[in-house]
Amino acid sequence: MTGKFFRGVLGCAAIAAAAISLSACGDSSTANSPLDQDVTTTMISGSAPESGEPSSVSPSEAAASSSAAEAASKATSTLPATKPEKPSGGQADDSKLSEKDKDYLAALKRDDVAFLGDEDNNAALTWGYYVCDAKGKKTDPAMIKIYVSAGLGPSVKSDNEAGAKADKLIAAAEKNLC
């Protein structure tokens, strides 16, 4: 009984010591020191100062300031493009694909195997080359099917559908890519 008590007291003491040592880390002498440099402010507005003093802004600086303000307002009123433009009327660029790639993609299309959001066929080609690479390394076929099924997961409604489409993808890759 006393052993448990002493271990509890020792644990509390260790926690208290850690809290005290960590609180010392938060003390920074630079946080309270005054600024060593002069602070410079700039007036952006195009209006003259209200104090009645003459403005020291030259006409060329005023023109530059107004054109900068105009450009800034235009920049904030238009939204940036969210998607890059696709070449040749929205279709992926097939000119860089080999005949093997084209045959493989045609087999996937024929078998209705598609990846969610894979408009440029990058995911389909990546998984096809994964199958060939895994087969070359003598990976267990069940493991290959598990990975391919997981890759197809978001574009299917059930595990059975994912397994069936994985089989089709693996067969298409073995026949056309490997």
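Predicted model: local features only at pLDDT ≥ 70, side-chain atom pairs only at ≥ 80, totals over all residues.
Reader: What makes Cys-132 and Cys-178 a disulfide?

Author: The cut-off is a pair of cysteine sulfur atoms within 2.5 Å. The sulfur atoms of Cys-132 and Cys-178 are 2.1 Å apart, so the pair meets that cut-off. By this rule the count comes to 1 disulfide.

Reader: Why is the disulfide of Cys-132 and Cys-178 called left-handed?

Author: The torsion about its S-S bond is about -100°, and therefore the disulfide is left-handed.

Reader: Which parts does the pair of Cys-132 and Cys-178 tie together?

Author: Cys-132 belongs to helix H4, residues 122-136, while Cys-178 sits in the segment after helix H6, 159-176.

Reader: How do you know whether Cys-132 is buried or exposed?

Author: Buried means a relative accessible area under 20%. Cys-132 has 17%, so it is buried.

Reader: How do you know what span helix H3 should have?

Author: Helix H3 covers residues 99-110, which is 12 residues. The expected span is 1.5 Å times one less than the number of residues, so H3 should span 16 Å. The C-alpha atoms at its ends are 16 Å apart, which agrees. After H3 comes Asp-112, with a positive phi near 60°.

Reader: Why are the buried residues of H3 said to line one face?

Author: The residues in question are Asp-101, Tyr-104, Leu-105, Ala-107 and Leu-108. Viewed down the axis of H3, they fall within an arc of 155°, so they line one face of the helix. On the other side of H3, the exposed residues are Glu-99, Lys-109 and Arg-110.

Reader: What covers the buried residues of H3?

Author: The cover includes H4 and H6. Asn-176 is in helix H6, and it touches Lys-100, Asp-103, Tyr-104 and Ala-107, leaving aside residues up to four places away in sequence. Asn-176 has 16% relative accessibility; the limit for buried is under 20%, so Asn-176 counts as buried.

Reader: Why is the pair of Trp-127 and Tyr-130 called edge-to-face?

Author: Rings pair if their centres lie within 6.5 Å, and planes over 60 degrees apart count as edge-to-face. For Trp-127 and Tyr-130 the values are 5.5 Å centre to centre and 80° between the planes, so both conditions hold. The two residues are 3 residues apart in helix H4, which means a separation of about one helical turn.

Reader: What makes Trp-127 and Tyr-130 partly exposed?

Author: Partly exposed lies between the buried limit, under 20%, and the exposed limit, over 50%. Trp-127 is at 22% relative accessibility and Tyr-130 is at 24%, so each counts as partly exposed.

Reader: Why is the pair of Tyr-130 and Tyr-147 called edge-to-face?

Author: The ring centres of Tyr-130 and Tyr-147 are 6.1 Å apart and the planes stand at 90°, so this pair is edge-to-face. Tyr-130 lies in helix H4 and Tyr-147 in helix H5, residues 141-152, so the pair ties together parts that are 17 residues apart in sequence. Tyr-147 is partly exposed, with a relative accessible area of 43%.

Reader: How many aromatic pairs are there by this rule, and which residues do ring pairs link into a cluster?

Author: The count comes to 2 aromatic pairs. Ring pairs link Trp-127, Tyr-130 and Tyr-147 into a cluster.

Notes: Residues numbered from 1 in each chain as written. Heavy atoms only, no water. Helix = DSSP H or I, 4+ residues; strand = E, 2+ residues; numbered from the N terminus. Buried < 20%, exposed > 50% of the residue type's maximum accessible area, 1.4 Å probe, protein only. Arc of directions from axis to C-beta. Contact = heavy atoms within 4.5 Å. Phe/Tyr/Trp six-rings, centres within 6.5 Å; stacked < 30°, edge-to-face > 60°.
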